[in-house]
Amino acid sequence: MKKYTLGMIGLGTMGRNLLLNMADHGFSVTGYDKDPKMLKTLEEVGQKHNLKGFSSLEDFIQSLELPRRIVLLVPAGAIVDSVIKELEPLLDQGDIIIDSGNSHFTDTSRRATELSKKGLHFFGMGISGGEEGARFGPSMMPGGDKTAYAAMKDILEAIAAKVNGEPCVTYIGPGASGHFVKMVHNGIEYAMMQLLAESYDIMKNGLGYSNEQIQQLFDKWNKGRLQSFLMEVTASIFTFVDEKTGNLMVDMVKDEAKSKGTGKWTSQVSMDLQLPIPTINEAVSSRDLSKFKKLRVALAEAFPHEINIPENHQEFEAQMEQALYFAMISSYAQGLHLLWQASNTYSYELDLQEIAKIWRGGCIIRAELLEDIYQAYKANPALEHLYMDANIQDKLSETISGLRKIMNVAVNNGLPVTAFASTLTYFDSLRTKNLPSNLIQAQRDFFGAHTFERTDEEGIFHAIWNQITL
Ligand code: 3PG
């Protein structure tokens with residue numbers, strides 16, 4: 001009986017498209033889904049490759065060659081655990097389970113430990129690129145068991161997006177590092193999306209631009225150094241007409257942003273690791289704030305604000321381009337700094353050069369400027385922070401004035417630019433030699449006897465502040 005090289009559990013759009021991608025590359029693959037409709041769709045779209053799926057988990061498992069390679073593409077959370085539970089009694093030692101959903105990295109660590117005790121290989125793999133990426137070339141972030149990765153390497157390299165002929169996949173590191181890196185990828189994605197949304201707001205409510213003008217500016221930026229998948233998507237949103245009303249669809253969409261959690265997890269972890277990523281945090285908070293529509297409407301009436309934007313729009317557009325460029329670099333810088341810290345804390349052995357490299361294609365945060373970021377880590381793989389690279393420093397110095405000017409105008413006109421603002425203050429804090437944190441320490445010691453360190457002497461000190469001030 002013919003045995004398949006790989007089996008997919010979960011034949012929704014992502015799972016199905018990944019299977020089609022594998023079949024295109026000559027791999028003999030199959031799938032399992034409880035839902036007969038999903039199996040039917042797989043057969044229909046996979047006719048060329050004679051793709052077939054199973055509705056019986058037992059038959060599906062028996063159809064796979066040993067060691068079995070089983071990819072899970074099911075919703076993150078409890079469903080992953082229940083699928084694993086169903087699978088366990090049917091598997092043999094040495095079989096490999098790859099969780100490709102957006103699982104929380106702590107779940108992945110737990111599952112890997114539990115399954116390794118049972119002789120099963122488990123690894124978590126982040127996949128980015130959406131439906132299109134899954135079908136024609138995603139960026140993939142597999143981490144965990146190295147033996148398991150070796151058994152998957154050829155398939156993953158074949159189906160991944162390619163940049164200069166190099167696949168956008170690499171072994172990320174041990175443990176749950178694959179899912180951790182994907183989570184941070186999404187955090188950066190949140191920041192980039194928020195920055196683009198704030199730029200849209202400045203154009204629409206500040207400059208008074210029409211949708212057509214907005215589309216043209218995004219499109220223009222996408223042809224320059226700001227070229228990115230998200231910029232391209234954003235520009236094309238402003239061409240999509242709603243058939244029902246004849247208006248642009250973007251004007252018919254409620255201004256309340258949802259999320260599935262990966263951005264929030266990135267912020268939560270950054271707090272745990274005490275590694276600031278304010279642009280990403282603001283992007284998460286801004287989505288949450290947007291949900292208070294009723295409150296916003298009431299407050300908009302209570303606090304009306306006049307808009308008075310500079311007349312020279314051409315100059316202003318150039319400054320906006322600089323501001324976006326500066327803030328986009330900073331979003332990657334914060335995410336990569338978090339990875340640097342996580343790598344130390346969790347012993348993930350992350351190679352930031354490789355990570356920047358595989359983000360250059362296939363994934364949602366792919367962008368022209370990742371080439372410079374990749375070159376920065378290539379020149380110095382131990383780089384602590386992207387801001388320390390000489391080439392990046394030149395680019396920051398060249399564009400900072402644009403960000404300051406945009407901030408000035410936005411603040412004076414009451415336009416909410418949370419991501420731009422936090423980027424600027426993050427940068428200004430990091431390039432400040434003496435922060436006022438000495439005062440924080442003094443305050444803590446004053447009212448809580450929390451002690452402090454001195455500038456002129458080693459050791460831990462406490463002062464009787466009351467007596468000194470009296
Ligand atoms: C995804 O992983 O599907 C998205 O990149 C992030 O999703 P969200 O915006 O719904 O959190």
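Trainee: Which element gives the largest share of the lining of the second largest pocket?
Mentor: Helix α8 does, with five residues. A pocket here is an open set of points on a 1 Å grid with protein on both sides within 12 Å along at least five of seven lines, and lining residues have an atom within 4 Å of a point. Helices are DSSP runs of H or I with at least four residues, and strands are runs of E with at least two.

Trainee: Before we go on, what kind of model is this?
Mentor: The model is predicted, so local features need pLDDT of at least 70 and side-chain atom pairs pLDDT 80 or more, whereas totals for chains, interfaces and linings use all residues. Residues are numbered from 1 along each chain as its sequence is written, and side-chain values use heavy atoms, without hydrogens or water.

Trainee: Which residues lie nearest the centre of that second largest pocket?
Mentor: Asn 102, Ile 127, Lys 182, Asn 186 and Lys 260 do, out of 26 lining residues. The elements giving two or more residues to this lining are β6 (121-128), α8, α10 and α11 (262-272).

Trainee: And where is the ligand?
Mentor: The ligand takes up the space of the second largest pocket, the test being that more than half of its atoms lie within 2 Å of the grid points.

Trainee: Which residues are around the ligand?
Mentor: Asn 102, Lys 182, Asn 186, Glu 189, Tyr 190, Ser 259, Lys 260 and Arg 287 are, each with a heavy atom within 4 Å. Helix α8 (residues 177-206) contributes four residues, the largest share of this shell.

Trainee: How much of the ligand does the protein cover?
Mentor: The protein covers 74% of the 320 Å² of accessible area that the ligand has on its own, by the Shrake-Rupley method with a 1.4 Å probe.

Trainee: Changing topic, how many residues line the largest pocket?
Mentor: It has 44 lining residues; Ala 197, Tyr 200, Asp 201, Asp 255 and Ser 290 lie nearest its centre.

Conventions. 1 Å grid on protein atoms, 1.4 Å probe; cavity = no way out; pocket = protein on both sides within 12 Å on 5 of 7 lines; lining within 4 Å.
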